[in-house]
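Me: I'd like to learn how to read helix packing from a model. Could you walk me through it?

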Amino acid sequence: MSIKINPLNAIDFYKADHRRQYPEGTEYVYANFTPRSSRLAKMLPDFDDRVVFFGLQGFIKHFLIDTWSEGFFSQPKDKVVAAYKRRMDNSLGEGAVPVDHIAALHDLGYLPLCIKALPEGSRVNMRVPVLTLVNTDPNFFWLTNYIETVLSAELWKSCTTASIAYEYKRLLTQYAEKTGAPLDFVALQGHDFSSRGMSGIYDAAQTGVGHLTSFIGTDSVASIDYAEEYYGATGVVGVSVPATEHSVMCMGTEGNELETFRRLICDLYPSGIVSIVSDTWDFWRVITEFTVALKTEILNRKPNALGLAKMVLRPDSGDPVKIICGDPEAPIDSPAYKGAVQCLWDIFGGTTSDKGYKMLNERVGLIYGDSITLARAQAILSGLEAKGFASSNIVFGIGSYTYNFLTRDTFGFAVKATWGQVNGIGRELFKDPITDSGVKKSAKGLLRVEQTANGFELFDQQTPEQEQNGALAVVFENGKIVKEVTLDEIRARLS
């Protein structure tokens, strides 16, 4: 059996010998995973300072169960112990880290941990734990914080992606309501373009599901696989459309670009939606000349089984606000001055929403996916509104500029121990650095989280009896998942 990763080594080196650094007689270590602050609040004035909790179940199934089973418990004990000893000896010095506890864990045959968590899809206030974890066997007190590195690395990104996706959905919904655009279009209006810019294909798959908690538009095929495998996703998980790239357009040659368009919309994709990258050479020529030359063919495209027959143009460079809404510094009456939406309206017309905003003819559309951010999306939507256009005239390709231009500190996620037991006596733990602004101040003791009118609220310094109550529920215990959630349930919580 091949091992993709040795779960024992999914740590920072300093974790390896914390077992001996804890006081003699340590029996239990109780920790939590908490978002402590939000950088989004500084970028979005109306951000309400909550994070979407998502990704734990995938982490449990993929890593705590499958990876630990394949890479440790199912392997011969002598092999895994020897491999661990070699890694520690070569990097920290001969015998620097004893390995008897590793052998004992293998003999036990499962991870003696209990994880309690809020329901995935919950929107959680800052400084409120989304999960707690504690060892269930006093012989393995060291294991709680041993997995901190991988737990943090695997969860912060999924939570952050899901949180930002929710903010896109909130923004798009807000403008759809203001301009009378169809609300059911919002689920398609944010489309995941991020895969190629993520930190490897597994990162693309895992965090791409965060996007799917709020949208169904995605180009990440692997994210749909992940959602089905780890979140019981069924039915419409993610959808996309046929689309070109620059190599396709270049291969057709610049002199025959119009014929490439004709072949795409008439021969290859005469029905349904087709997205065509349109700025390989002269975007404004495509907008103002090719669309006129092909107007009859575009309007006569046949609807597919869903009633869709749209040619979508995709500009892919320049200032997205100016390209979509118009550049006030460009020559008056030039296509650049008008912007792409106005140009298409002048050629194809459309309808008016019940709020009085213009919606392009259903046979044409635009998608923009170059360096889109929440701020740029808001500027585009605001610019369209100012020109009398509904928000549904644009689809956003949300790429790695949004979903990988992040760090753990985007929401200040951290794992901290707040309680332990030594020789049968509980100890309340906390940190409060005098040199810090207060962000790193931790909770204290055993924790309970309650859902209130103001969102989720933390109560610390709880008794063992109080800690058993509240919104945190056991989801993983002694190597087994005991409470599961589906993508549909998560989506419902975020609707």
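Predicted model: local features only at pLDDT ≥ 70, side-chain atom pairs only at ≥ 80, totals over all residues.

Me: How are two packed helices described?

Reply: In general, two packed helices are described by the angle between their axes and the distance between the axes. Here, take α3 (residues 56-73) and α7 (residues 148-179): their axes come within 9 Å and cross at roughly 130°. Angles over 145 degrees would count as roughly antiparallel and 65 to 115 as roughly perpendicular, and α3 and α7 are therefore oblique to each other. Their crossing is right-handed.

Me: Which residues of α3 and α7 make the contact?

Reply: From α3 come L56, F59 and F63, and from α7 come V150, L151, E154 and L155. Sorted by class, the contact has six nonpolar residues, no polar ones and one charged residue.

Me: Now the sides of a helix. Which residues of α10 are buried?

Reply: The general idea first: an α-helix has 3.6 residues a turn, so residues three or four places apart point the same way. In α10 (residues 221-231), the buried residues are S223, I224, Y226, A227, Y230 and Y231. They cover an arc of only 160° around the axis, so they lie on the same side of α10. On the other side of α10, V221 and E229 are exposed.

How values were computed: Residues numbered from 1 in each chain as written. Heavy atoms only, no water. Axes fitted to C-alpha atoms, helices over the stretch in contact; angles between N-to-C directions. Helix = DSSP H or I, 4+ residues; strand = E, 2+ residues; numbered from the N terminus. Parallel < 35°, antiparallel > 145°, perpendicular 65-115°, else oblique. Left-handed = near helix turned anticlockwise from the far one by under 90°. Contact = heavy atoms within 4.5 Å. Nonpolar A, V, L, I, M, F, W, Y, C, P; charged D, E, K, R; others polar. Buried < 20%, exposed > 50% of the residue type's maximum accessible area, 1.4 Å probe, protein only. Arc of directions from axis to C-beta.
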